[in-house]
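Have a look at the sequence and the 3D picture below, then read on.

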Amino acid sequence: MDPDNPHLYDPTPVAVRIHATAADGRTLTVETAHRALVTAVEKTIGTFATTADELADRALHHARHGFRDWQASVWRLADRADEESFACAARLIRSPEPSHRRFALDLLAAIATHLFLPHPWRHGRQALDLLRAYLATDEDHPELLDGALFAHSWYAHEYGTGEDLYAILPFGSHRDGAVRERVLHELGPSMNRNPAVVDLCTARCDDPRPDTREAALHALATYGPDSPELRSLFVDRLTDPHAPARLEAAAGLALRHDPRGDAVLARFAADAEPESPTWWRLDEVRRLRARTAPAG
């Protein structure tokens, strides 16, 4: 345990003695422990007797997002991915309590990213509809919107239509920069199927938030079309005050075999630490560039 990292260590005891019983009669008693330990013991001995609501209550007792009590319940319910798990998410996402809604969003995202089911999840379309309805509310917590947009995109890709996927486009102009950035990450890879995504990314290259500009330039560099207008945009951003944005502008030119960004890339390559994000991005650009022929 690391007491300097609150996500890895929570010193508050929240249970005195816990008894767990497996279906075959085996029992185990745990003294003064976190609720997360109870959840882990139940998983180890193979009991599904604990209800979804009880698992959610363990997480919400202190409602510390990302702590062990919270995460243990999220992943236990995601492992189950049963009717009860979905019903729990559907109930909590409508709660007036932000922590309840956040738990529901974490659970839906965990199911989407954790299961990798060989067959469609029978609640997949329902989960997408639930998320679309949630995004239509006046949610005023940006961190919850960020989680909802992430989960929505997973379900839209697997269980929805293009109309479902692009329903989040208006959030690309949200007042919160992190929400705008999330939309760019989620829709960037599919911009070739919707010109509105290209327009959004182009507009966000002037975003006042540096990380949002970087996300917009990354999306255009990697997935955008090749046009004189887009190349001019990349050239203009070679002097962006945010270094990662300059890197993406240079990458956009390099991936179109335009030498005007080569000097910027060379400076990044000279300073990049091995295995750093910059090092990996430069490596990706080299590999992608090698696979494409220059425009004739």
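In this predicted model, helix α3 puts W70, Q71, S73, V74, W75, L77, A78 and D79 against S99, R102, F103, D106, L107, A110, I111, T113 and H114 of helix α5, where contact means heavy atoms within 4.5 Å. Sorted by class, that meeting place has 9 nonpolar, 5 polar and 3 charged residues. Here Ala, Val, Leu, Ile, Met, Phe, Trp, Tyr, Cys and Pro count as nonpolar, Asp, Glu, Lys and Arg as charged, and the others, Gly among them, as polar.

How do the two helices lie? The axes of α3 (residues 68–80) and α5 (residues 98–114) come within 9 Å and cross at roughly 45°. Axes are lines fitted to C-alpha atoms, over the stretch in contact for helices, and angles run from 0 to 180 degrees between N-to-C directions. The pair is therefore oblique; angles under 35 degrees are roughly parallel, over 145 roughly antiparallel, 65 to 115 roughly perpendicular, and the rest oblique. The crossing is right-handed, meaning the near helix is turned clockwise from the far one by less than a right angle.

Most residues other than glycine have a negative phi.

| Residue | Phi | Relative accessibility |
|---|---|---|
| A81 | about 45° | 13% |
| H257 | near 55° | 22% |

A81 sits in the loop between α3 and α4 (83–92), while H257 is in the loop between α13 (243–254) and α14 (262–271). A81 counts as buried and H257 as partly exposed: buried means under 20% relative accessible area, exposed over 50%, partly exposed in between (1.4 Å probe, protein chains only).

Is R204 buried or exposed? With 16% relative accessibility, R204 counts as buried. This arginine belongs to helix α10 (residues 195–204), and its side chain makes a polar contact with the side chain of D207 at 2.8 Å. Such a contact is a pair of N or O atoms within 3.5 Å; within protein, one must be able to donate a hydrogen and the other to accept it, and residues adjacent in sequence count only if both atoms are side-chain atoms. Leaving out residues up to four places away in sequence, R204 also touches G172, S173, R180, L184, T212, R213 and A216.

Zooming out, the protein has 15 helices and 2 strands. Helices (H or I, at least four residues) and strands (E, at least two) are DSSP runs, numbered from the N terminus.

Residues are numbered from 1 along each chain as its sequence is written, and side-chain values use heavy atoms, leaving out hydrogens and water. As the model is predicted, local features need pLDDT of at least 70 and side-chain atom pairs count only at pLDDT 80 or more, while totals for chains, interfaces and linings use all residues.
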